[in-house]
Amino acid sequence: MANKDLSGKIAFVTGSGRGLGSVMAKKLAARGADVVVHDLTWDASAKYGEGENLGVMIKTIEGMGVRSMGVTGNIGDRDAVDAMRSQIEEKFGPVEILVNCAGGDIGASGNKPVPNNILGITYEDLTTLTNNNLIGTMLVTQAFVPQMVERQHGIVVNIASVAAHIGVSGGGIYATLKAAVTHYTRCLADEVREHGVRVNVVSPGPAKTARFQATRTVDPDKMNSNKVSMDRYAEPEEIADAVVFLCSPEAKFIHGQLLRVDGGLQLYAG
């Protein structure tokens, strides 16, 4: 029988209509949480064949015996974030678990920036990446965490990337913004430490999401999750398990930490 230690808690996972966020949402629901799912638009999940629309995710989660609802909007738009908060609180009440997963190396066109190097990236892509990955995380945090502070209880997990911890020549703006998310997490953790709100950040390595496989050349050998070596791509569930752990009572004294989930791709302190 599954552990239902998150029963009665309301979780909001941004970017959960597809990709890693969708798996995180389902894993939280399996632990008993009522889950609010989110995407940029109602049918954005269809782009890489991950579902017809956000309603499919809602039905999947409700089929697990918990409540679910969906909200849409750009997390980099303050008015859209405020509207989502109002919808959630009106229907479900205050959010107790916030997972800031929405983001990615996606430019103004909805695809990877071209060019995608630091010196050549366009202003439009630069601002889009910043809104999607850093400002959006900040706006959602500002919308939901003050209420957690007032209640003296809450959980936040931000999603960064292993790209945040090394220098890269391709996708350098995305990497820089994810590095900012990791430090923002530490600063937020220090600010709320006395108020019973736990904040951590997960940096996933490459994972076999539909978007990952559709937008780059993959190494066939690293697609094999049954190989002994950890030199492979992660299953989305392996990333989501780490997030759910940080949301669970087992992690009640883990705060302000960075957890790489990369199969040992990066092995150094810090």
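Predicted model: local features only at pLDDT ≥ 70, side-chain atom pairs only at ≥ 80, totals over all residues.
**A walk across the sheet**

If you'd like to find the pairing on screen, look for histidine 38, whose bridge partner in strand 3 is valine 71.

Is strand 3 mostly covered or open? It spans residues 68-72, and four of its five residues are buried.

Seven strands form an open sheet with parallel pairing, and the order is 3-2-1-4-5-6-7. Our strand 3 is one edge, and strand 7, at 258-261, is the other, each pairing on one side only. From one strand to the next, the twist averages 20°.

Further along the sheet, strand 5 (residues 154-159) and strand 6 (residues 197-204) also pair in the parallel sense, here over six bridges. A handy landmark there is valine 157, which has asparagine 200 as its bridge partner in strand 6.

And which helices lie on the sheet? Helix 1, residues 19-30, packs on it, touching strands 1, 2, 4, 5 and 6, and its direction makes about 170° with that of strand 1. Helix 4, residues 123-151, lies across strands 1, 4, 5 and 6, and runs at about 170° to strand 4.

One last reminder for anyone tracing side chains: in a regular strand they alternate between the two faces of the sheet.

Definitions and conventions:
Residues numbered from 1 in each chain as written. Heavy atoms only, no water. Buried < 20%, exposed > 50% of the residue type's maximum accessible area, 1.4 Å probe, protein only. Helix = DSSP H or I, 4+ residues; strand = E, 2+ residues; numbered from the N terminus. Pairing = 2+ DSSP bridges. Axes fitted to C-alpha atoms, helices over the stretch in contact; angles between N-to-C directions. Contact = heavy atoms within 4.5 Å.
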